[in-house]
Amino acid sequence: MVTLADVAQHAGVSASTVSYVLSGKRTISALTRERVERSITELGYHPNAGARALASNRSNIIALMMPLRMDMYLPVMTEIAIGIATHARGYGFDVLMLTSEEGPEAVHRVVGSGLADAIILMDVELDDARLPLLRESGRPAVLIGLPATTTGLTCVDLDFTATGALCAEHLAALGHREIAVIGEAPAVYERRTGFAERTIDGLRARARALGLQVLHRPCEGNYAAMAGALAQIFSERPDVTGFVVQNESAVEPLLGLLRQQRRAVPEDISVVAICPEQVAVHGSVRLTSVAIPARDMARHAVEQVVAKIEGRAGDEVVLLEPELTVRASSGPAPAPSA
């Protein structure tokens, strides 16, 4: 293993000079810095993490609390997590993954042990039990999601309230007057998960202003659950002509069931999804959708948390503006039957 002394000998400088180049604690001439950095590259030297942490009082680790729940669409969560790890590495940080199921205990462990310089929390609930401890600790932290109260917190998220409103506006502009919302699994609403609650709140508020009737049904997303939900919807509201789907797993079961019932998309029924691009464009019907900007959310979260670690940022809420892309699944509402 290459040591700091090996680098110093190769560059023709003292070990302390190499240390100062690495830490940036003293000004080193450009020529000497270049010579040391060239030796580091040629020898393949990697500073010892433990020694570096002692010297800088940092671990250069960001803890990421990621949900591993069966009622969540894990590909989106995984894409966010990979984005966080990739961007963090670009700033010289590694990522330690914790599961949301550990709750406040995980926050307490990270804060108490000094295991990480900062924490990024995913799967944020409106009344999240992790937040009181996080506020008290003073540890740099960023939430991907919005709780009910954001005071004293830095949050990054898609503006799900505006997302719900945008879906209602699109269907209203096409002449639809009765719409149904296929939501996440019931457990997601029981936990009062922020993104799901904010979407339906934004959609309902805009629908009221536009004179739309809205029926919301949570759904597990499998074929049997979707069949039950669809039968219930058409039993209660036979004149529904538009669907908003915020449940990636339910998209294909819904489209398949509509085909079985000889309800054409979009001639008879329009479908708008809130989902990743790959779900919208690679299904049996190319879906009109609002994309989940997983990579942008990851990038903003890392930028915010690094700025907080370095003392360059205060508390801030960053909401990404939703964009609706019109594809083959939405069209004018059918004429009322006689």
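View 1. The model shown is predicted. Two elements, β6 (178-183) and α10, each give two or more residues to the lining of the second largest cavity.

**View 2. Residues around the second largest cavity.** The lining is made up of Val 181, Gly 183, Tyr 189, Ala 196, Thr 199, Ile 200, Leu 203, His 216 and Gln 246. α10 supplies the largest share of this lining, with four residues. By class, five lining residues are nonpolar and four are polar.

**View 3. The largest cavity.** The volume of the largest cavity is about 310 Å³. α5 (74-90) and α10 (194-210) are the elements that give two or more residues to its lining. Of the elements, α5 gives the most to this lining, with three residues.

**View 4. The centre of the largest cavity.** In total, 22 residues line the largest cavity. Met 72, Val 76, Met 77, Phe 160 and Phe 195 lie nearest its centre.

**View 5. Classes of residue around the largest cavity.** The lining of the largest cavity holds 14 nonpolar residues. Another four are polar, and four are charged.

**View 6. Both cavities together.** The model has two cavities of 30 Å³ or more. α10 is among the elements that give two or more residues to the lining of the largest cavity. α10 also gives four residues to the lining of the second largest cavity.

Key:
Residues numbered from 1 in each chain as written. Predicted model: local features only at pLDDT ≥ 70, side-chain atom pairs only at ≥ 80, totals over all residues. Heavy atoms only, no water. 1 Å grid on protein atoms, 1.4 Å probe; cavity = no way out; pocket = protein on both sides within 12 Å on 5 of 7 lines; lining within 4 Å. Points joined across faces, edges and corners; volume = space filled by probe spheres on them. Nonpolar A, V, L, I, M, F, W, Y, C, P; charged D, E, K, R; others polar.
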